[in-house]
Amino acid sequence: MPNLLVKPRAETGLVHDVTPESAGWTYVGFQLHKLAAGEAVSGRTGEREVCLVLVAGKARVTVDDEDFGELGERMTPFEGAPFSVYAPKGAAYTVTATTDLELGVCSAPGGEGFKAQVIRPDRHPQMTRGKGTNTRYVTNIMPENDEAAQSLLVVEVITPGGHTSSYPPHKHDEDNLPAESFLEETYYHRLNPAQGFAMQRVYTDDRSLDETMAVENGDVVLVPKGYHPVAAIHGYDLYYLNVMAGPARAWKFNNAKEHEWLFTGV
């Protein structure tokens, strides 16, 4: 199994390039590009579908012959919800930075009958999840109840410093609907201030997989299976962008039984 902690490969340009082949799995792909104003990224989705997430900065986005114009409002991922663009199977896209830009390219197997579209920040309002030091702020970019895609599930989470997230621990690694869905997942992490770090553990009940990682600004964590809680260290807020996909576009999870008592308070 590949190392679950993926460090940035460069400071600019193509910073991350997680493919099903590099991750040793089947469904999820994730790229992260850092561009200066005037620079562009183009691609073809092929047999996959893509969600282009403007993590920070502004850009002009086209999909095939459709020009969506300049999009973007926030200049850091800690300033509210993002603009995103969905590009279906068989499409060509170009993203041209109009400011410094941090662009997430989330991908998964595509299907027929889906259309290119802008996903505005107000499409799915931010939700507060949890209580006390388990409070975090969730923005669904492409949730399962939005029938805009074949496979992709995309979400952002802000976890304040000193809080936990993806917690109490849950997993989605069994193709056993309606009880549980199988979903591969990536976490793209950002810290504020940037010199901070967070902790993430990925583990299974039998501990055949059990890795705990110190996550720094710009790291990606792969979650092929198992539970995957995160802890943000005091003084450093944590952002992460999740990409999930599997054989069915459904987010059905099960909690670690020994920690279910925590749900009475969170």
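Hi everyone. Let's start at one residue pair: C51 has Y86 in strand β8 as its bridge partner. Please keep in mind that this is a predicted model.

Now back to C51, as I expect someone will ask about cysteines. How many disulfides does a search of the whole structure find? The number is zero. For C51, the nearest cysteine sulfur belongs to C106 and is 5.2 Å away, whereas a disulfide needs the two sulfurs within 2.5 Å. C106 is likewise in no disulfide, and its nearest cysteine sulfur is that of C51. Is C51 buried or exposed? C51 is buried, at a relative accessible area of 0%, and C106 is buried with 0% as well.

The largest pocket holds about 480 Å³ of space. Its lining counts 31 residues, and R129, R136, H170, W251 and F253 lie nearest the centre. Elements giving two or more residues to that lining are β12, β13, β14, β19 and β24. By class, the lining has 17 nonpolar, 10 polar and four charged residues.

Which strands each supply at least two residues of its lining? They are β2, β3, β5 and β10, with β3 giving the largest share, three residues. Of the 14 lining residues, Q31, R48, V50, V105 and S107 lie nearest the centre. The lining divides into six nonpolar, five polar and three charged residues.

One last stop, a sheet elsewhere in the chain. Four strands form an open antiparallel sheet in the order β15-β23-β20-β21. β15 and β21 are at the edges with a single partner strand each, so one side of each has no neighbour in the sheet. Inside that order, β20, residues 197–203, and β23, residues 230–232, pair over three antiparallel bridges, and A198 has A232 in β23 as its bridge partner.

Thanks, and I'm happy to take questions!

How values were computed:
Residues are numbered from 1 along each chain as its sequence is written. This is a predicted model: local features need pLDDT of at least 70, side-chain atom pairs count only at pLDDT 80 or more; totals for chains, interfaces and linings use all residues. Side-chain values use heavy atoms; hydrogens and water are left out. Two strands pair if DSSP finds at least two bridges between them. Buried means under 20% relative accessible area, exposed over 50%, partly exposed in between (1.4 Å probe, protein chains only). On a 1 Å grid over the protein atoms alone, a cavity is a set of points where a 1.4 Å probe fits but cannot get out, and a pocket is an open set with protein on both sides within 12 Å along at least five of seven lines; lining residues have an atom within 4 Å of a point. Grid points are joined across faces, edges and corners, and a volume is the space filled by probe spheres set on the points. Ala, Val, Leu, Ile, Met, Phe, Trp, Tyr, Cys and Pro count as nonpolar, Asp, Glu, Lys and Arg as charged, and the others, Gly among them, as polar.
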